[in-house]
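Thanks for making the time this morning. I would like to walk you through one model, so please have a look at it before I start.

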Amino acid sequence: MFAKVASSAALRGAARTFSTRAAPMASRVSPVAVAAAAGVVGASLWALPQLQLEGPRTIAGEYKTASERSFIMIKPDGVSRQLVGKIVDRFESRGYKLVAIKSVIPSEELAKQHYADLSARPFFPALVKYITQGTPVIAMVWEGKDVIRQGRRMVGATNPLEADPGSIRGEFAVSVGRNIIHASDGFESATKEIGLWFNEKELAVYEPITWSQVMADN
């Protein structure tokens, strides 16, 4: 509202400036002042509420803050091998917060949407068949500082034979076709994947009693 009033006042001042009739000294407005009031000031006032330090907040939280979230999925082979508890413990022990978890038998449509970026690859049909075989997957959302990048490091390279020792794939897997787990590879993919597998009401908002001790910078 203030911006609209300022713009109207500036335009009235501009009209007086370019009038052939002499105006009182106090009412004269320079073209520079008009531009500042009508353009720069008005635009900046409207833009202020949209300012973000790290980027827009999505269902994946806010990038590079303690609210950042990542989608982690334990695949059918990880579930069949009863590694769910060990994997959950890795993330909890690191200090990350579990905000959503569920067991899902994915439909073919859901699998295809999740792996849409791989749809042109020759192994895509086999990948979809593997994910939808009937054994559930464990879909999870983890939250915390740098969780997307750190989650990928904890999971390890896509090919387990290239994964660092101590990573999840480096410790539990040997075949790229059965590499146990999936983790979002960026903020954009985390936003897409969390939104695909969960709705907002399924994401818990709470603070573990150790949260301030884990996430503090000083």
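I will begin with an annotated histidine and then turn to the aromatic rings.

This is a predicted model, in which local features need pLDDT of at least 70 and side-chain atom pairs count only at pLDDT 80 or more, while totals for chains, interfaces and linings use all residues. Residues are numbered from 1 along each chain as its sequence is written, and side-chain values use heavy atoms, with hydrogens and water left out.

The unreviewed UniProt entry places its "active site" annotation on His182, although such annotations may be inferred rather than shown by experiment. His182 belongs to strand S6, residues 181–183, strands being DSSP runs (E, at least two residues) numbered from the N terminus. His182 counts as buried because its relative accessibility is 13%, where buried means under 20% relative accessible area, exposed over 50% and partly exposed in between, with a 1.4 Å probe and protein chains only. Beyond its neighbours within four places in sequence, His182 has contacts (heavy atoms within 4.5 Å) that include Phe71, His114 and Glu193.

Now to the rings, which pair if their centres lie within 6.5 Å, with planes under 30 degrees apart called stacked, over 60 edge-to-face and the rest tilted; the count is three aromatic pairs. One of them is tilted, Tyr63 with Phe187, at 5.4 Å centre to centre and 40 degrees between the planes. Tyr63 is partly exposed, at 34% relative accessibility, whereas Phe187 is buried, at 16%. Phe71 and Trp197 form a stacked pair, at 5.5 Å and 25 degrees, and these partners are 126 residues apart. Phe71 is buried at 0% relative accessibility, and Trp197 is buried at 5%.

Methods. Helix = DSSP H or I, 4+ residues; strand = E, 2+ residues; numbered from the N terminus. Phe/Tyr/Trp six-rings, centres within 6.5 Å; stacked < 30°, edge-to-face > 60°.
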